[in-house]
Amino acid sequence: MTSGLAIASVFSDFSDGLDFLFHQRESVAGGVQVGGSENLPLLWKHLEVVGLSMLFAILIAVPLGLFLGHTRRGSFLASSISNVGRSVPAIALVLFFSSYLGLELKNLVFAMTLLAIPPIFTNTYVGVRQVDEDVVDAASGMGLSGVQVVRKVELPLALPLVFGGIRTSVVNVIATATLGPFAGVLTLGDPIINASVYGEAGRIGTAILVAGLAVVAEILFALLQRAVTPAALRPPRRGLRDRLASPRLARVADSPT
Amino acid sequence: MRHRSILSVLSTVAVVTTLAACGSDDNDSASTSTPAAAGTTASTASTSAAPAADPKLIVNNPENGSTPQLTIGSKNFTEQFILGEIYAQALQAAGYKVKKQLNLGSEQIAYKALKGGQVDAYPEYVGTALTNFFKVKSEDVPKEPEAAFTDAKTEFAKAKVTALPLTPFTDSNGFAMSQASWKKAGSPKTISELAPKFNTLTLSGSPECRSRLDCKLGIEESYGAKFKKYLPVDLSKRHEVLSNGQADVSVVFTTDGAIAANKEVLLEDDKKFLPPYNVSFLVRDSSLQAAGPDFEKVIDQVQEGLTTPVMQELNSRVDLDKQKPEAVAKAYLTESGYIK
Amino acid sequence: MLTLSQVVIRDRTNDTSCVARDGFCPDWIRDHIGDYMSPLLRHLELTVASVVAGFAIAFALALLAHRRRWLTGPITGVTGVMYTIPSLALFAILLPITGFGFVTGVVALTSYNLLVIFRNIMAGLDNVPEAAKDAASGMGMTDRQRLWRVELPLAIPEIVAGVRVATTTTVGLAALAFVAGAGGLGQKIIEAQNFKSNIVTASVLCILLAAVLDLLILFGERTALPWRRATSS
């Protein structure tokens, strides 16, 4: 009997939350409107933060990973970055940089770029390292310079893993961007952290939205990863579930946030 | 390979710690209370010796131990933690069984917890109560603390909550600027003088401040001007935003020690849109009855010493000296002679 | 007669001490490190409870999927979705169901472990050499005996690798458990958000906790599998 009531109340909490996403209402203490279309600025800011951090992270991590992987140096760096990166609390990073550098968007992006780099770097590095040495030898035997080898041989072969790293990073960054309010940036994390302004419905509704955003991004980038896998390396046609579970598309460096 | 990855973790930790240490400055030992320097507000001890201090001492009444356990709550910032601790420790000294549930959250959450019976009592600001709970418009709130208190007390009684008499200190929302921003804005003395420049300035406040009549909403309505940008930050950063230049105006508390320490300028609320902010300890009627007459007596007794300068000092000990609220409350009670 | 308070009031206008400026203060850290022990213990409890629960569930799922191969896809899909959901969002979604406190924290953290551990157990079992399996069957073992006496022991390195990743990840994630009211080092961090000494101390303790747990698991694997001492991970 009581469990029926409990389930009903949970259900109503969730439907209130979904309603928050579509309809405006007054904030808990009154005075300002929240919910519905008022969420859009939060969403755009969230996407802006994610986009900028990913852009900078890719621009830094991929060349670095390619260089170190090709020259076969820095395996120590690759593994330790991956290990330590997993256990550093994201919130500490966000607060640390905002307390030293200030409460601005660019400082949040800085902290999140740092967080986004490890999976991309490690995956790029491993992706290049695991290219068959014989293939590389054959290529340089054909007269290709170092840079050409990277561009024409190693990068295309490493691309699936590179995209695997990008995929991991995107999901991480979408998750960490919810901590934006701690750095003074109003992202989709605001209703979750400051439920006293948006209400319980706001907290649950936005949480559902953020979760949905992360899942959509994951699926999108998984498809992208498959698209960049050279046809010859693709696993045989199976159902979509199996494709996503394929060990070939597995990510080397995983760390959720 | 395994050894290397562990080594790498440990060495990275060592590097990070060393780097952070290199970034630090010369450190002082934890600050200790020194006698006030000349020229600052100092309270002098009363001329009477030990025997006259005894009336202040809280008497432990064994009967209070048989009353139901009291849960004392507080809201989620320094001054509230200190007040909650002071009241809780005082009641404990009087023999009550006390449980603390501080850090409830904003006033909406705290009041809900009080009405719902999760806590038996918590300290609330009379102005906040009128504007946030009873939806009285800022301009309709009596500016005299006692008048405002009477109104609030009546309203609370309807909700079966007793509002105990006010504290001597008042802790209003204040609008402060850093020296630099203040000079740049023309060294205004009052908010009215600054109002024409609102649309070039950034205001910073807590997340709740956006929608409060005693905060951003109220100041913009009363002075008829909107700020260029609003930067919502956690309460703990309200002074940092000024020293970092992140915001031109920040919503602070008038009992903050950092105002004096950072040489911030507190603008005068000449339109007096801010209600009075003395604290009243709110108690559930049922809990107060069960606790007996000693409850109100102890609270009255221990509040007497909470003047505005004292509250500023206590806040500073937590915010600036980084002491714990529990220890600071105990120091207040012992230094004032309420407990041994 | 009015008895004035005897609270000592200090002049702080020229206070440039490290602590007053929210800086990094080794002295303060040394004096107050004791305050971090209780949150550290809670952090450890959250991690251990989640990894143990996650392992138990993932192991059960892996045994199921080992028997019925077609389950691998759906299980990976479901645990994958749980893994993708941002932790802050998951804590918030669980609040109406499990309320504030330790349990909500553990439930959320457990769900993050499932995918990693499940995938590694499956990979470990898949990588058992055919020769070993044939030899076992040839010795007259039933499928079940083969699983417990040959396949699982050979899969241990891969499984342990998964548990290690899960553990270090959980330590990092548990820093957000304060949102669910579960305490931990994250609670300590947000209590003094501006104080650099505080942020650094709590973070370093977090990283150290992960390193120590990682070492312990490794040590456990070494003792349990003496024949693998010669090979590297």
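Student: In this predicted model, are A:Phe182 and C:Phe178 buried or exposed?
Tutor: Buried means under 20% relative accessible area. In the predicted model, that label applies to both A:Phe182 and C:Phe178. So the word you want for both, going by the cut-off of under 20%, is buried.

Student: What kind of aromatic pair do A:Phe182 and C:Phe178 form?
Tutor: Their centres are 6.4 Å apart, with 75° between the planes. Planes over 60 degrees apart count as edge-to-face. A:Phe182 sits in the loop between helices H7 and H8 of chain A, and C:Phe178 in the loop between H7 and H8 of chain C, so the pair joins two chains. The kind of pair is edge-to-face.

Student: How do the rings of B:Tyr111 and B:Phe133 pair up?
Tutor: Here the centres lie 4.1 Å apart and the planes meet at 15°. Planes under 30 degrees apart get the other name, so this pair is stacked.

Student: And how many residues apart in sequence are the parts that B:Tyr111 and B:Phe133 tie together?
Tutor: B:Tyr111 belongs to helix H4 (residues 107–116) of chain B, while B:Phe133 belongs to helix H5 (residues 126–133). B:Tyr111 counts as buried at 7% relative accessibility, and B:Phe133 counts as buried at 14%. The parts tied together are apart in sequence by 22 residues.

Student: Which lysine lies over the face of C:Phe195?
Tutor: Chain B has B:Lys216 over the face of B:Tyr230, at 5.4 Å from the ring centre, but that's another ring. For C:Phe195, the lysine is 4.5 Å from the ring centre, and its name is B:Lys322.

Technical notes:
Residues are numbered from 1 along each chain as its sequence is written. Chains are lettered from A and ligands numbered from 1 in the order in which they are written. This is a predicted model: local features need pLDDT of at least 70, side-chain atom pairs count only at pLDDT 80 or more; totals for chains, interfaces and linings use all residues. Side-chain values use heavy atoms; hydrogens and water are left out. Rings of Phe, Tyr and Trp (its six-membered ring) pair if their centres lie within 6.5 Å; planes under 30 degrees apart count as stacked, over 60 as edge-to-face and the rest as tilted. Helices (H or I, at least four residues) and strands (E, at least two) are DSSP runs, numbered from the N terminus. Buried means under 20% relative accessible area, exposed over 50%, partly exposed in between (1.4 Å probe, protein chains only). A charge sits over a ring if NZ of Lys or CZ of Arg is within 6 Å of the ring centre and within 35 degrees of the ring normal.
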